[in-house]
There are 2 protein chains.
Amino acid sequence: MKQALEGIKVLDLTRVLAGPYATMIMADMGAEVIKVEMPGVGDDSRQFGPYVNGESAYFMSINRNKRSMTLNLKKEKAQRLFMDMMKKCDVIVENFRPGTMEKLGLGYDKLKEVNPAIIYAACSGFGHSGPYSQRAAYDAVVQAMGGIMSITGEKDGKFTRVGPSIGDITAGLFSAIGILAAINYRNQTGQGQKVDVAMLDCQLAILENAIARYVVTGEIPKPAGNRHSSIVPFEPFETADGEIMIAAGNDVLWAKFCEAIHCQDLIEDEKYKTNPLRNQNYPLLRPIIADKIKEKTTEDWLKILDAAGVPNGPINTIDKVLENPQLLAREMVVEVQHPTAGNFKMPGVPIKMSETQGEITRPAPILGEHTHEILKELLDLSDEEISELQVEGIF
Amino acid sequence: MKQALEGIKVLDLTRVLAGPYATMIMADMGAEVIKVEMPGVGDDSRQFGPYVNGESAYFMSINRNKRSMTLNLKKEKAQRLFMDMMKKCDVIVENFRPGTMEKLGLGYDKLKEVNPAIIYAACSGFGHSGPYSQRAAYDAVVQAMGGIMSITGEKDGKFTRVGPSIGDITAGLFSAIGILAAINYRNQTGQGQKVDVAMLDCQLAILENAIARYVVTGEIPKPAGNRHSSIVPFEPFETADGEIMIAAGNDVLWAKFCEAIHCQDLIEDEKYKTNPLRNQNYPLLRPIIADKIKEKTTEDWLKILDAAGVPNGPINTIDKVLENPQLLAREMVVEVQHPTAGNFKMPGVPIKMSETQGEITRPAPILGEHTHEILKELLDLSDEEISELQVEGIF
């Protein structure tokens, strides 16, 4: 066994982001993910730009390491084939609107009758229970409803959406966790189960201290900008040519910081001796630091503060992120060779494992690229039988 | 077995957020998490306000379901006890600065000699390899360096930090995934391993389409505000008394939306017939919709748009989130009884499992609450031996 999830077979009905993100994580760690797509169309995100030689860059970046087969699940014969494949698999993942699988005759209740060991993961906007369960959601809707927008933004400014689709992505992460926990349970008991993850629920789960603050003080948390609410200095400052994040989280770091910026006198200044004092005298202190930081370039300050051991960082745009030496050393920027799109950069595998390091062994699949291969492998069909299915429009 | 991770013993050396978040997820699903803290002080976040009867609300909200023992790991005898406990455990999790465990004589290389099946998870700012590995990081630093700030904010506005500490939280999520994958591998092979997760790596992993867009077009992504970059209407609009997020993601929803707002004429208007046209004629279309939405209250529009099946949502502040009927129905707001803090609200368990639903069975522990119990349970020490250790200041 070279990979942590080797041998785990996943039938993947997901599309767009939340579901495909979950199955990508599993595929990155060696699970055999079979993407089942509608003939002719496939995952909606195959239509999302930008394109490279006709292939969606969006799709390619979250469907690596998976194989693709097509199957028209609206046809009865295709549903039977799906059932037969399901018997040979460990996990099913879907992110349809609740009820869709039932309409296809492929709801969890039916599947578990045929294969009680199956793990069925459903990732949806609002979950498979509760008054909103039948509603459609988009990332923007759950970010709005879930509270994260109300605490993101400039100080006392407009409620702001988080740039990446964090509503989808965190649901994908929690789904992967739920599936892996269910695999552990199955390894012990032989019993499968349904894992139901809602994007909205996950938003609540990542609000961090905002809930505790509200529950205790009764004050409704607001956008707080880029400054730490109680530590000084802990925010971005303008440099001669840009901006830098400085995070001197305690008194020791404060002293190191003062030395690094050649303001040793601040260390002994009674007004700034402790963090509570720095907080209290922030209106006085900030301009002193700001003037100093403006004197040199970001690059200069990065070197000076790194040497002094003061936590800091450039506020990188995406081009700079992809050139960051630490991320490159950690193989977090990888180039994948795609048959039609050519070489294509994407994030590497963020979980580093000493015995079973995940890797990218294949690019995202062309629609239906592996239909024949999978039908043979899982169902032992002959070339003739496969040709007949094709003629009937089953795939 | 009632819980998915029942029987898995975790020695938890983590503090503050990323590590404790990972072990909370595991504890929520039944893992036995033993928090090992420094005598007298404990997890730094015990000092983070706000407090309820002297207990940190912050600490309580991410350390439920765990037990606490104290152990002064700077003392040799404590290190020996730790080694003995480690032999009886499955997982060790720490989020110290890399090198700290080695200095204590408890590095992974030593631990695995004694227990090759141990899974050792380290969650740090920059990871255990690469040129930055010895540096300290805070959430603000990795949000800055990792690119998410550069794509969050008002359109073409200032780079904005995501409100919750998404740098810590996503690292916690990926750590939990890595640990569970390693458990699967160990279930098959008996072999443990080290799982090394860096906050910065995880930031890259959640940038979504920003990387694909940059790699393909060469254009550096910027903050895009709250409007979808290519779909119309898909953004917040002001109502008579607040704001509402409206997400009409395709032409069918566009028609439903026009009917719901009594602008049927827009459906047939050639300027707005398709999404590309609505995008192109956005400057004309937006004011029409904006005027209409201003006519009624948020509450009115929520009802009207829900009835019409148009995805939408209020932009909730935290107080409203905690009252949301869907979240309440999904048991995502739970009240935990704490011995000194009393009743205390926090997020529920976002992974809903049909056979092994996670639950909150105990509140966050008082510092060292379970030292005696754990020393007896894991090491079979007598009351006398435990008293001696206490006198020696081992815990």
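1. Helix H3 of chain A, residues 76-87, holds both A:Arg80 and A:Glu76. They sit four residues apart, about one turn of the helix. Helices here are DSSP runs of H or I with at least four residues, strands are runs of E with at least two, and both are numbered from the N terminus. The side chains of A:Arg80 and A:Glu76 form a salt bridge at 3.5 Å, N to O. The rule asks for a side-chain nitrogen of Lys or Arg within 4 Å of a carboxyl oxygen of Asp or Glu. Over all chains that rule gives 48 salt bridges.

2. On provenance: this is a predicted model, where local features need pLDDT of at least 70, side-chain atom pairs count only at pLDDT 80 or more, and totals for chains, interfaces and linings use all residues. Residues are numbered from 1 along each chain as its sequence is written, chains are lettered from A in the order in which they are written, and side-chain values use heavy atoms, with hydrogens and water left out.

3. Symmetry next. Chain B superposes on chain A by a rotation of 180° with 0.0 Å of shift along the axis, RMSD 0.0 Å. The two copies are therefore related as by a two-fold rotation axis.

4. Now the interface. Chain B and chain A each give 130 residues to the contact, with contact meaning heavy atoms within 4.5 Å. About 11000 Å² is buried between them, and carbon and sulfur atoms give 68% of that. Buried area is the accessible area (1.4 Å probe) lost when the two parts are put together, summed over both.

5. Charges across the interface: six salt bridges are counted between chain B and chain A. A:Arg330 and B:Asp196 meet in a salt bridge through their side chains at 2.7 Å, N to O. On the side of chain B that touches chain A, helix H7 (residues 166-189) of chain B gives the most, with 17 residues.

6. Strands also cross between chains. Pairing requires at least two DSSP bridges. A:Lys352 has B:Asp196 as its bridge partner in S8(B).

7. Within chain B, six bridges join antiparallel strands S12 (residues 333-338) and S13 (residues 342-347). They form a hairpin with three residues between them. B:Glu335 stands opposite B:Lys345 in S13(B).

Conventions. Copies are superposed by least squares on the C-alpha atoms of residues with pLDDT of at least 70 in both.
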